[in-house]
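Here is a short note to read beside the structure. Keep the model open and find each place as you go.

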Amino acid sequence: MKEEQRSLLLSSSSCFSPPQGVRLSYGTAGFRADATLLQSTVYRIGILAALRALKMESSVTGIMITASHNKVTDNGVKVADPSGGMLSQDWEPFADALANAPTPQHLLQLITEFVKKEKIPLEGVRPATVLLGRDTRPSGESLLEAAKQGISSILGVAAVDMGIVTTPQLHWMVLARNKGLKAHELDYFEQLSSSFRCLIDLIPSEGRMSERDLKLVVDGANGVGGEKLEVLKTMLDNLFIEVRNSGKDEGVLNEGVGADFVQKEKVVPHGFGSQDIGLRCASLDGDADRLVYFCVPPSKGCSNIELVDGDKMLSLFAIFVKEQLHTLSKEIGENTGSNYQPRLGVVQTAYANGASTNFLKKLQLEVIFTPTGVKYLHEKAAEFDIGIYFEANGHGTILFSESFLCWLEARHEELSSASKGSEQETAALRLLAVSKLINQAVGDALSGLLLVEAILQHMGWSIHTWSELYQDLPSRQLKVKVVDRTAVVTANAERIVVRPPGIQEAINTETAKYPQGRSFIRPSGTEDVIRVYAEASTQEAADSLANSVAILVDKFLGSG
C-alpha cells in the first residue's frame, strides 16, 4: 500500500472513533443499533464496500442505510454485493473486525493485511463505484455522510448518492448497473409497471375482476415504501391502491404499523378499522423488503385479522409458476416442443408452518430447508432453474437462472413463429413477465405486491380464497435464557439438536404426546437465549408443547 493511501486512511479514520464498550456484529441485516452508536461503523463499511467493488470484476457495490422494521431511533448499514444480493458471507468476519478495530492504527493494519490476502488492486488501478441509499429515518443523512467519507478514503472509488430509496430499490440498482442497464428509480418503476401491465393484458377479458375487487388498501409503515408506492400507483392501470401510513402525516415509523407488527401481533395497523371489513389489505415494513396481506373479517371485528403471510405468498407464487410450466410443456399438435424440464424448487426454514410445507409437497413440489436467514434461503434458491423462497415474515422472492431465461426466450421465439397466441406461447410470456416484475436481487415488497395482485386477478381469487388454501397449524414461540447459547449445536437446517447429547431425544418424547406435534430449538444469533418453536393441532397443545420443551432447555442448559 502506497504512502498516499496509508495517510488518507489514517487521517480520515481519526475523525470516526468507535463507541467505547460496544461490540457490533454483522448479521443477515448488516449492523443495527441505536443510531447514535453507528457513525464510526458506517464510515468503516464505506471502506469495506469500496474494497469489495475493487475486488470484484463487476465494479459496482452498494450501501443501504436502514434499520428496516426497527424503531425510528435505530439505524443500520448493510452492503449490496455486485450480484445485487447480500454481502458474501466470506467477508462478514472482515466487516466485524473493521467495525470493532479500536484505533486508526489497528484499522490500517487490518486493511493492509486483508488487501494483501485478497489481492485487491489499490491506488486507482481499476475504477469502481459504490451506490448509496437510505430510508426516511432522521439519522440517515449524517450516516450517509460518514459512508461517503469511508468510500472516498480508498483511492479511485466513487460514491454515488441514489437518495431516499427502499432497500430493494438499492439492491436492484446495483444489479442493473453491473449488467450495464439503466439503473435509476424511474427505470425501476417503469420495469415494474410494464411487467405488471403485461401480466394483466394476458388475462382473458371474460376473467377480469370488478372495480371493487381491484381495490387494495396498503399500510406503508410510515416509511419509505409508502412514499414510493404513492409514485408507483400513478403508473398502474387495473389496480386501485389506497396508501395509508405513507409517512406524510404525523405517524411514527414502525410504531403500531408495518408488516412486522401486523405479522407478529395479528391485529390491524394504525389507521385501519371497521371501514375496511372485507377489503384486501397489505402491509409493508419500514424499508419495504417485507410484505404481508390481511383482511378484517366481520365476525372478529378489528382486534383480530385474517393474516396471509409469507408462507401463503410462496404457495400462491408456486401454484402460478407450476401452472405456467405445465402449460409450456404441453404438446402442440404433432410438434412435441422441447424435452427440457426446468427444475422448480421452493425453499423454507424450520419456522415455516407445517401446514404450508404439507400443502407444497401435495403439489409435488421439491421442498428444501435451510437454516434461518435470508442469505441461506437465497443461496439455495439460486441452485434451481426457478427457485422460490419466503420466510413467514413476508421476506422472499423468485429467482430465475440465466440458463433458464435464455431457454425461455428461445422457446418463446419458437412458439411465437409456430403457434402465436397459443396457450403455450402465453405461458412463456407470463413467465418472462414474472422474471422482470419480481426482484431478482432481494425480497421486495413493492414488486411482490404487484405479482400477488396480478396472480389473484389471473386466478379470479379473493383474498379469502387465497387464505383458505390451507389452515395454519397453531404455533408458539418462546425464549429461554441460558448461560451459553453456543452449547446448542443444530443440524438438518436447525431442525435437529446434536449437542448437548440427550436433549433431542427428550424433545422427541415430548413432541410425540401431541397430535401433529412439531418442535425445535435453536440458539439466538444475538443474545444468550435459546429460541423454542412448537406446533400442534390446537393452540392449547402448541402452548403446552412449547412450555414443556422450554423446561427441557432450562434443565439441560439454563441458568436456573
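1. Helices (H or I, at least four residues) and strands (E, at least two) are DSSP runs, numbered from the N terminus. UniProt, in an unreviewed entry, gives residues 479-550 the feature "domain: Alpha-D-phosphohexomutase C-terminal". Such annotations may be inferred rather than shown by experiment.

2. A word on the source. This is a predicted model, where local features need pLDDT of at least 70 and side-chain atom pairs count only at pLDDT 80 or more, while totals for chains, interfaces and linings use all residues. Residues are numbered from 1 along each chain as its sequence is written, and side-chain values use heavy atoms, with hydrogens and water left out.

3. Another UniProt feature comes in two pieces. The unreviewed entry lists "domain: Alpha-D-phosphohexomutase alpha/beta/alpha" at residues 59-90 and 126-177. Residues 59-90 are 0% helix and 41% strand, with end C-alpha atoms 18 Å apart. Residues 126-177 are 46% helix and 29% strand, and their end C-alpha atoms lie 16 Å apart.

4. Look at Asp276. This residue sits in the loop between H9 and strand S8 (281-284). Is Asp276 buried or exposed? Asp276 is buried, because its relative accessible area is 0% (buried is under 20%, exposed over 50%, partly exposed in between, with a 1.4 Å probe and protein chains only). Its side chain makes a polar contact with the side chain of Arg244 at 2.8 Å. A polar contact is a pair of N or O atoms within 3.5 Å; within protein, one must be able to donate a hydrogen and the other to accept it, and residues adjacent in sequence count only if both atoms are side-chain atoms. Not counting residues up to four places away in sequence, Asp276 touches Arg244, Gly271, Cys281 and Val296 (contact means heavy atoms within 4.5 Å).

5. Ser246 is in the loop between strand S7 (240-244) and helix H9 (259-265). Ser246 counts as buried because its relative accessibility is 10%. A polar atom of its side chain lies 3.5 Å from the backbone nitrogen of Lys248. Beyond four places in sequence, Ser246 touches Asn222, Gly223, Gly226, Glu227 and Glu230.

6. Asp444 lies in the loop between H14 and helix H15 (445-459). With 4% relative accessibility, Asp444 counts as buried. Its side chain reaches the backbone nitrogen of Ser447 at 3.4 Å. Asp444 and Leu284 are 160 residues apart along the chain, yet their C-alpha atoms are separated by 9.5 Å. Leaving aside neighbours within four places in sequence, the contacts of Asp444 include Pro168, Tyr188 and Gly396.

7. Now the open space. The second largest pocket holds about 1,000 Å³. Its lining has 35 residues, and Ser83, Leu175, Leu399, Gln440 and Ala441 lie nearest its centre. H13 gives the largest share of the lining, 4 residues. On a 1 Å grid over the protein atoms alone, a pocket is an open set of points with protein on both sides within 12 Å along at least five of seven lines; a cavity is a set where a 1.4 Å probe fits but cannot get out; lining residues have an atom within 4 Å of a point. Grid points are joined across faces, edges and corners, and a volume is the space filled by probe spheres set on the points.

8. How many cavities of 30 Å³ or more does a search of the whole structure find? The search finds 3. About 60 Å³ lies in the largest cavity. Its lining includes Tyr26, Lys78, Met86 and Lys375.
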